[in-house]
Amino acid sequence: MSKLDNALCEIYHMDEIAEREQWLNHIHSLIKLVITVCFITVTVSFSKYDLAGVLRMGVYPIVVFIFGELSFRSALKRLKVILPVVCLIGVFNPFFDRQPIMEIGGIMVTAGVVSMLTLMVKGIYSVFASYLLIATTSIEKICYALRLLHVPAVIVTQILLAYRYISLLLEEASRMMQAYSLRAPNQKGVHFKVWGSLVGQLLLKSIDRANEVYESMLLRGYQGEFPYAAKGFFRVRDCVYLGVWFVIFFCLRVMI
Amino acid sequence: MNPIQISMEHVTYSYEKSCPILKDITFKANKHECIGLIGANGVGKSTLLKLMVGLNTGYEGQICIEGIPVVKENFPKTREKIGYVFQDADSQLFMSRVYDDLAFAPRNYKLPEPEVEKRVRKALEMVHIEHLKDKQIYKMSGGEKKLASIATILTMMPDVILLDEPSIALDPKNRRTLIHVLNQLNPLKIIASHDLDMILDTCSRVILLSDGKIIRDGDGKEILSDRELLEAHGLELPLCMQGIPD
Ligand SMILES: Nc1ncnc2c1ncn2[C@@H]1O[C@H](COP(=O)(O)OP(=O)(O)O)[C@@H](O)[C@H]1O
Ligand SMILES: [Mg+2]
């Protein structure tokens, strides 16, 4: 399978796990969105030397991974591109901030190292929290929650369509690559001379396709506001879930 | 009395000014008819269908749906009456699950959720794909997608159904299912296709397009068995009429 097909499979697969019959997936999307935002805010709010405090926040991703019956390994696999980037954020801190603050086994640990680690952990946690939201909530439901928070319809619809169009783009690209590789069997990858025309074709084709999808939406009564299945009610279990996490976050941040 | 649902009068249309694709098209379509729109590739069958739903604008002449002129101000009203099935099912189906795609139109028209559900169930029943209700769209075969894309417009309960090359890329079994489904649908249907066998099995009236004009408009069997007429306009007799030599 080519890289493109892999990427497509990943998107489809995310769609699929977000649609599982699992209690976490049935929690109201707004609740999950709020908890995620809350978690990220609290995590980021720790001071830059409070490594222990930030580490404690790991309770949330761990618990959700376990109770959501999500595979940690496949999460790592999917996030393998983004995680290293996140880890790079604080990489220069040790050079700037050389003040020693403690000694572990005879090795001096500088403040810079601590703040680098803290930043990394904050970044990694935030990425995981977002991943957990996406893995338990379909894109339509996330967009619905955003609408409940009064994010303008234009922006939310953009997000939703961008998500859909990415898969159209990948499908188109994958078809073109197959057609190309069948006619250039000895070529590894794409010869640079045809990049231009392939990309141009891809662009035109996906514009056509996107346009047709948009037309088909218009013909079915679309008028700028995406119709979400109105699942307006919060149930007791939603509120309990929200409450429990609020209490835990509060304790982790303030009490301990 | 036969109420007229679609009327076109002296319609001329061109993508580029210099060469009109459709020239002086005039015809009327009545309730419950099934009309086959035939012609060689590129004569403008799809263009004609798109004119009726207002995807192509800027035509000369007049197009009316149930007496309402197809112009921009009326689009919300006219489009509600028409279901348009795209040639490519992938353009029609853009949600992740079949159910959500079928519910797209009724939810847009602000129907209450129980009614939406009822319509979705009925539409699935009409095209015999109840078992695909919760299926992920990318996992479906070409034939299933086609039937699902027809179902997506049935939830609108349209008075008119326009289909662009519905039988293209279907295997014989799926094609038979499609014909069966089409024959059971009650609203006015206009089917653009060069699959004359399917047209013969579904349509009682046929309009033959060539060179941007209506060459013939009349009884399906009669036109489809006229070898000379068809061959003069780049088509061939339906296979079942070609007679198998023994
Ligand atoms: N968007 C467009 N811009 C310019 N020309 C077009 C466009 N779409 C179709 N055409 C031209 O209009 C003619 C009729 O196309 P179409 O209606 O798709 O034919 P059919 O469906 O009968 O095969 C073709 O010659 C085609 O090249
Ligand atoms: Mg066509």
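1. Ligand 1, backbone contacts. In this predicted model, a polar backbone atom of B:Val43 sits 3.4 Å from an oxygen atom of ligand 1. B:Gly44 also approaches the ligand through its backbone: one of its N or O atoms is 3.0 Å from an oxygen atom of ligand 1.

2. Ligand 1, side-chain contact. For B:Thr47 the contact is made by the side chain, with a polar atom 2.5 Å from an oxygen atom of ligand 1. The protein buries 57% of the 560 Å² that ligand 1 exposes when taken alone.

3. Ligand 1, surroundings. The shell consists of B:Tyr15, B:Glu16, B:Ile21, B:Asn41, B:Gly42, B:Val43, B:Gly44, B:Lys45, B:Ser46 and B:Thr47. Sorted by class, three of these residues are nonpolar, five are polar and two are charged.

4. Interface of chains A and B, extent. On the chain A side 24 residues make contact, and on the chain B side 27. The two chains bury about 2500 Å² between them, and carbon and sulfur atoms account for 56% of that area. Within chain A, the residues that lose the most area to chain B are A:Leu219, A:Arg220 and A:Pro227; together they make up 33% of what the chain A side buries.

5. The rule used here finds three salt bridges across the interface of chain A and chain B. One of them joins B:Asp88 to A:Arg209, where the closest N and O atoms are 2.4 Å apart.

6. Helix 12 supplies the largest share, eight residues. By class, the chain A side has eleven nonpolar, three polar and ten charged residues.

7. Salt bridges overall. Side chains of opposite charge can pair when their charged atoms come close. Over all chains, the count by this rule is 23 salt bridges. A pair within chain A is A:Glu225 with A:Arg147, whose closest N and O atoms are 2.8 Å apart.

Terms used. Residues are numbered from 1 along each chain as its sequence is written. Chains are lettered from A and ligands numbered from 1 in the order in which they are written. This is a predicted model: local features need pLDDT of at least 70, side-chain atom pairs count only at pLDDT 80 or more; totals for chains, interfaces and linings use all residues. Side-chain values use heavy atoms; hydrogens and water are left out. A residue is near a molecule or strand if one of its heavy atoms lies within 4 Å of it. A polar contact is a pair of N or O atoms within 3.5 Å; within protein, one must be able to donate a hydrogen and the other to accept it, and residues adjacent in sequence count only if both atoms are side-chain atoms. Accessible areas come from the Shrake-Rupley method with a 1.4 Å probe; for residues, only the protein chains shown count as cover. Ala, Val, Leu, Ile, Met, Phe, Trp, Tyr, Cys and Pro count as nonpolar, Asp, Glu, Lys and Arg as charged, and the others, Gly among them, as polar. Contact means heavy atoms within 4.5 Å. Buried area is the accessible area (1.4 Å probe) that two parts lose on being put together, summed over both. A salt bridge is a side-chain nitrogen of Lys or Arg within 4 Å of a carboxyl oxygen of Asp or Glu. Helices (H or I, at least four residues) and strands (E, at least two) are DSSP runs, numbered from the N terminus.
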